[in-house]
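The entries follow in the order of the look-ups.

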Amino acid sequence: MTTSRIVSPPVKEEHSDGKDGPGKSKNSAATGASAASIRAVSAQVVAFYFRAPAKAFFRTRVDYMAYARAINPLVQSGAAWSWQTTTLGLLAHAVKTHGWSFIPNQVLPPLIANVSVGAVLYTSYLQVLGRIHEPSSHSVRRTYPPPYLGQTFAAGFMAGSIQSVIAAPLDAIQIRFRTSEMLEGPYKSMWHYSAHKLHSIGLNGIFAGWSLALIKDSLGCALFFSAFEYTKAQMYYGFLTRWYGSGHITVRGFDLNSENSSDKPRPVIRPYYLIEPAFLLAAGVTASIAQQVVQHPLTEIQNVHFSRLESLDYASSLTQHRRNVFRLYYHAYEKTFEQCDIQAKRVGGWRTWLYKGFLLNTLKQVPSTSAGLIVFEIVRRKYAQEADVICIQKDGYDILLT
């Protein structure tokens, strides 16, 4: 039999020895009140940031260094790696060439776009999960009982769908971005270029190929969040109850194999502190792999479809009737499938073609995603509004998570 309850930690009482004078007491009270207010406000700000973080730990939606690389002679000539080809080196060359206005005009717009997409994704996920799983709506360090796999899958699916809608204009710009247009055109900044490009392709061009993006984002995020939450919660709690409930462990001098008599205090188990970080790491790795299983093959299909978008934009501009526009995009998907089938046959089948380079791309993404999720989870718990701990009650002993 397994039950749980939330236990509030004891509050330490502070006593004054009465030696301070009235003036000093007032100053101390004012200082303490100011410090407490600042601490409370800062904690709330940090807590909000990490509950809806401004940086997602996925690959960036828009490449904010594309223009800086395009104008760098070392990158264009294919020179060997050096500090000048790193991000700082590329920015230093761009600022030296175009002045400090290069950063707000060319770098900040895609950075803000990535920040916005990440904030929308995580905020949507937390809000949807809180709606369908009431304990997840509370700002606590640990959610117990944790959400079911179906609930996290649904929340991730909805969050990915919302992100896909918000990111559609960004994807449209990223796919059609041409450095030559920036260099030769009358564009003062990336803001100006993006506005002109979106206006020229119209609503049809913005959502061209969006069906593939919707499937990729919704399923990818659903698998990502469900795998992460299941590994760090259900698998972690299940491991604790099985490991410490195996009947072969002695805690504080009490053999859990033996029956507890009424005169013996109830043993309390505090799990080894490295167990939970290990499950967080495993959760990040599992989530990255699960997401890549869906997103990698769909990205291959997207690349084929996006290579034809410029011709689709031109054909769509000549077609005024809405029915003809839908027919145009329907046939475009048919052509994409035919091209994908040709490429798949060249390498030995669909599975070989779709998962070509899967292992390398996954290995590149796993470290950053895992580390980001660990930081996100730990700091979110650290700045949780409530400092409660979870006590899992088993037959004859308790497992205390602090």
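I paired rings of Phe, Tyr and Trp (its six-membered ring) if their centres lie within 6.5 Å; planes under 30 degrees apart count as stacked, over 60 as edge-to-face and the rest as tilted. The model is predicted, so I took local features at pLDDT of at least 70 and side-chain atom pairs at pLDDT 80 or more, while totals for chains, interfaces and linings use all residues. Residues are numbered from 1 along each chain as its sequence is written, and side-chain values use heavy atoms, with hydrogens and water left out.

Entry 1, aromatic pairs.
I looked for a cluster and found that ring pairs link Y236, Y237, F239, W243 and F279. The count by this rule is 14 aromatic pairs. One of them, F177 with Y193, is edge-to-face, at 5.6 Å centre to centre and with 85 degrees between the planes. F177 sits in the loop between α6 (149-176) and α7 (179-184) and Y193 in helix α8 (residues 190-206), so this pair ties together parts 16 residues apart in sequence. I took helices as DSSP runs (H or I, at least four residues), numbered from the N terminus.

F177 is buried at 16% relative accessibility, and Y193 is buried at 0%.

I then looked up F337 and W350, which form a stacked pair, 5.5 Å centre to centre with 20 degrees between the planes. F337 belongs to helix α12 (residues 322-347) and W350 to helix α13 (residues 350-354), and the two are 13 residues apart. F337 counts as exposed at 51% relative accessibility, and W350 as partly exposed at 29%.

I used a 1 Å grid over the protein atoms alone, where a cavity is a set of points at which a 1.4 Å probe fits but cannot get out; lining residues have an atom within 4 Å of a point. Points are joined across faces, edges and corners, and a volume is the space filled by probe spheres set on them. There are three cavities of 30 Å³ or more.

The second largest cavity holds about 80 Å³. It has 13 lining residues, and those closest to its centre are A168, D171, I206, A208 and F306. Which helix gives the largest share of this lining? That is α6, with five residues. α6, α8 and α9 (210-244) each supply at least two.

Conventions:
Buried < 20%, exposed > 50% of the residue type's maximum accessible area, 1.4 Å probe, protein only. 1 Å grid on protein atoms, 1.4 Å probe; cavity = no way out; pocket = protein on both sides within 12 Å on 5 of 7 lines; lining within 4 Å.
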